[in-house]
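Dear colleague,

Please find below the structure that I am handing over to you. My notes on it follow directly after.

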Amino acid sequence: MSNERPLLLIISSPSGAGKTTLTARLLAEVKGLTFSISHTTRKPRHNETDGKEYHFVSRDEFEKLIEQGSFLEWAEVHGNLYGTSKAEIHSRKSDRGIVFDIDHQGARQIKCAAPDSVAVFILPPNMKVLEQRLRGRASEDEETVQRRFGVAKREIEHYGLFDYVLVNAELEEATRKLTSIFLAEECRRSRVAALAEQFLAEGRLRSAPLPKP
Ligand code: ADP
Ligand code: 5GP
């Protein structure tokens, strides 16, 4: 289904709760859904490629983009700058939906700009599991793991901003829940109203009396 106004799906969580994993699974499940590739000043992890997970840029380049008004939203997270460029969204206008893996500050900005966007917050089953997942990712040093774990509780304080809160315990079940949220949101009356109105207008035209010859 092609759309002039794709569904904007924001996914946030404390670092390590599983949003990258769940986002990848959602994208594999739902055809026509695409991922918004953010800009960041963070260094790429060993398994990341420029232009795939992120557009990796220097702080100077990022600040220039801020000055030029290129971002729909941006924020400083864990000491690095992250942002969603307006160009990224405009290039995906005909998509079924766009998924944003962004923090609560970015979620707030997108919710403000697009109130019909849908925001999902991912929680770990408990804090012990969160710590294990952060460490198990093995892509950061111990200091980074500790810093990210330390700010997790403060990130959870913002759960009230989100429309849905999903506990990522068992991966298959969490994936099913996230996919269900997207599919149900696609059926929200406000999103389908234009089509229903179009059917009604066609019906009115057809049932109108024929003009006399
Ligand atoms: P985030 O993007 O929120 O920082 P990730 O998706 O990178 O988190 O997940 C952190 C780690 O936890 C990864 O190693 C991932 O494979 C693992 N993980 C994610 N979800 C689950 C789950 N439901 N069960 C077990 N491990 C998981
Ligand atoms: P990571 O370094 O683990 O990839 O991401 C760190 C945090 O930055 C995560 O909470 C992630 O959701 C957030 N993030 C990634 N891209 C963006 C973005 O474009 N904007 C904002 N506000 N946060 C982002």
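Into which domains is the chain divided? The chain of this predicted model splits into domain 1 (1–31 + 97–204) and domain 2 (37–91), with bounds that come from an automatic or database domain assignment. Their centres, taken over C-alpha atoms, are separated by 19 Å.

At the interface, 17 residues of domain 1 are in contact with 14 residues of domain 2 (heavy atoms within 4.5 Å). Between them the domains bury about 1200 Å², 55% of it on carbon and sulfur atoms; this is the accessible area (1.4 Å probe) lost on putting the two parts together, summed over both. Zero salt bridges are found across this interface (a side-chain nitrogen of Lys or Arg within 4 Å of a carboxyl oxygen of Asp or Glu).

The largest pocket holds about 1100 Å³ of space. A pocket here is an open set of points on a 1 Å grid over the protein atoms alone, where a 1.4 Å probe fits, with protein on both sides within 12 Å along at least five of seven lines; lining residues have an atom within 4 Å of a point. The volume is the space filled by probe spheres set on the points, which are joined across faces, edges and corners. Of its 41 lining residues, Lys19, Thr20, Arg45, Asp101 and Arg137 are the closest to the centre. Domain 1 and domain 2 each supply at least three residues to this lining.

Residues are numbered from 1 along each chain as its sequence is written, and chains are lettered from A and ligands numbered from 1 in the order in which they are written. Local features need pLDDT of at least 70 and side-chain atom pairs count only at pLDDT 80 or more, while totals for chains, interfaces and linings use all residues; side-chain values use heavy atoms, with hydrogens and water left out.

Yours sincerely
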